[in-house]
Amino acid sequence: MSPEAAIDAMVPAQFILRAKRRESADTWTLELEPRSGEPSRFAPGQFMMLSAFGSGEVPISISGDPGDDGRLVHTVRAVGLATRAICEVGPGQMLQVRGPFGRPWPVGELAGADVLVLAGGIGLPPLRPAILTLLADRTRYGRLTLLYGSRSPEQLLYPRELEQWSARGLEVQMTVDSAGPEWLGHVGVVPRLVRQAKLDPAGTVAMLCGPEVMMRFAVAALHERGIGSERIYVSMERNMQCAIGLCGHCQLGPTLICRDGPVYRWSELERWLRIKEL
Amino acid sequence: MQTLDELIAASPVFAGLPAAHLQLIAGCGVNERFEAGSYLFHEGQDADRFYLIREGSIALEVAVPGRGRRVLETLGQGEVVGWSWLFEPYRWQFDGRAVQATGVISFDGACLRGKCDSDHELGYELMRRFAASMVERLQATRLQLLDVYGAANVP
């Protein structure tokens, strides 16, 4: 990256919050419009650096539809100073945005494959653009399956959309860690759904996003089912700050997640993820 | 129509057992059906049976004072419900409820324990297979205990 391009990438643009929807007690979906009027273009799996004035900057994956021009959509969980400040911004107010950054999901390479999407908690929003892209051209792919884990039924994201996706040809299976008797779905962890899923290992590509420990155990279950590390993609989260591979905060072994990721083949990372100190 | 030993042979927990063992196991089983919301067993009752789910699903529940009934785990088609029949004092530890209309093969625990006592090869095979299922579910429970989706685990 040239010094000029690096400087450009570090300058945030002003975006106006146009719509805000509550997804759960602490999670919001925000629709942003560029103040410049220039539409935002991105690939599924890429992220932006977002900030509310005076509260620090955080990497947040884009959760919107790449097919929609214009608005930028993010689903944000308010858990820290920066994300709480972002979620407190109201319609008509400004957010600072840099990006898009990072290597996307390999959606363009999946024609003819069965695609198994595994999401855990706030890991579903980074996969949403990929799911929408697959469903927009449904006949290009084989079996499409989403295995989605959440803490409780109340924290499941996009419940109405999950039904629509199901009607459009995505097999959706949800599981929660804990529930009352009114919940008629599954209770348990995502790796158990992997063990029970109908799949053809040779023809399946898996895409995962969720807490790292959940992904580790889910990958172990995928390996047991015969899906190799070369056919497993994960989206990683680390302490991304500059987002352009200069500061080194998001280093994992030889790779910088902001620049070389966040999406990786599992085979690229498994060696480094075994080193607990990294 | 499939016989009981054919149905049992198709389930992951009994797959690959010799025909003679499948017949011995099938001899302790009967088909049963439970309506949605009905209970197969309750905490503290004698655990004289276990179940192989043919269709539907079963929720393992516990009543927590002040929090009501909580579902700990859901088990579905092809999975086995019940280990308490194997170990003294043969008592159910949780409640088991049919989430939907659920078809099971219900096995008489005492009948099967007796056959395992007189045929140690069958006993070893059954114990090995139940232990594998227990390990898998113990590992899943440990992951569940981590509360990986809790706010403390979001970077």
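This is a predicted model: local features need pLDDT of at least 70, side-chain atom pairs count only at pLDDT 80 or more; totals for chains, interfaces and linings use all residues.
Chain B contains four helices and eight strands. Along the principal axes, the C-alpha atoms of chain B occupy a box of roughly 55 × 35 × 35 Å. Of the 155 residues in chain B, 31% are buried. When contacts in chain B between residues at least 6 apart in sequence are considered, 73% of them join residues at least 24 apart.

Helix α4 of chain B covers residues 120-145 and has 26 residues. From the first C-alpha of α4(B) to the last, the span is 36 Å, close to the 38 Å expected at 1.5 Å a residue. Buried positions in α4(B) are Leu126(B), Leu143(B) and Gln144(B). The cover over these buried residues comes from both chains: it includes α3 (109-118) of chain B, and from chain A it includes α5 (190-196) and α6 (212-224). Just after α4(B), Asp147(B) adopts a positive phi of about 50°.

Chain A is divided into domain 1, residues 3-101, and domain 2, residues 107-235. The C-alpha centres of domain 1 and domain 2 of chain A are 25 Å apart. Between these domains of chain A, 14 residues of domain 1 are in contact with 14 residues of domain 2. On the side of domain 1 of chain A that touches domain 2, the elements giving two or more residues are β1 (13-24) and β5 (72-77) of chain A. By class, the residues on this side of domain 1 of chain A comprise three nonpolar, eight polar and three charged.

The contact between the chains involves 23 residues from chain B and 28 residues from chain A. On the side of chain B that touches chain A, at least two residues each are supplied by β4 (58-64), β5 (68-75) and α4 of chain B. The most is given by β5(B), with seven residues. The side of chain B that touches chain A is made up of twelve nonpolar, six polar and five charged residues.

Key: Residues are numbered from 1 along each chain as its sequence is written. Chains are lettered from A and ligands numbered from 1 in the order in which they are written. A residue is buried if 20 or more other C-beta atoms lie within 10 Å of its own, exposed if 12 or fewer, and partly exposed in between; C-beta atoms are placed from the backbone. Two residues are in contact if their C-beta atoms, placed from the backbone, lie within 7 Å. The expected span of a helix is 1.5 Å times one less than its number of residues. Domain bounds come from an automatic or database domain assignment. Ala, Val, Leu, Ile, Met, Phe, Trp, Tyr, Cys and Pro count as nonpolar, Asp, Glu, Lys and Arg as charged, and the others, Gly among them, as polar.
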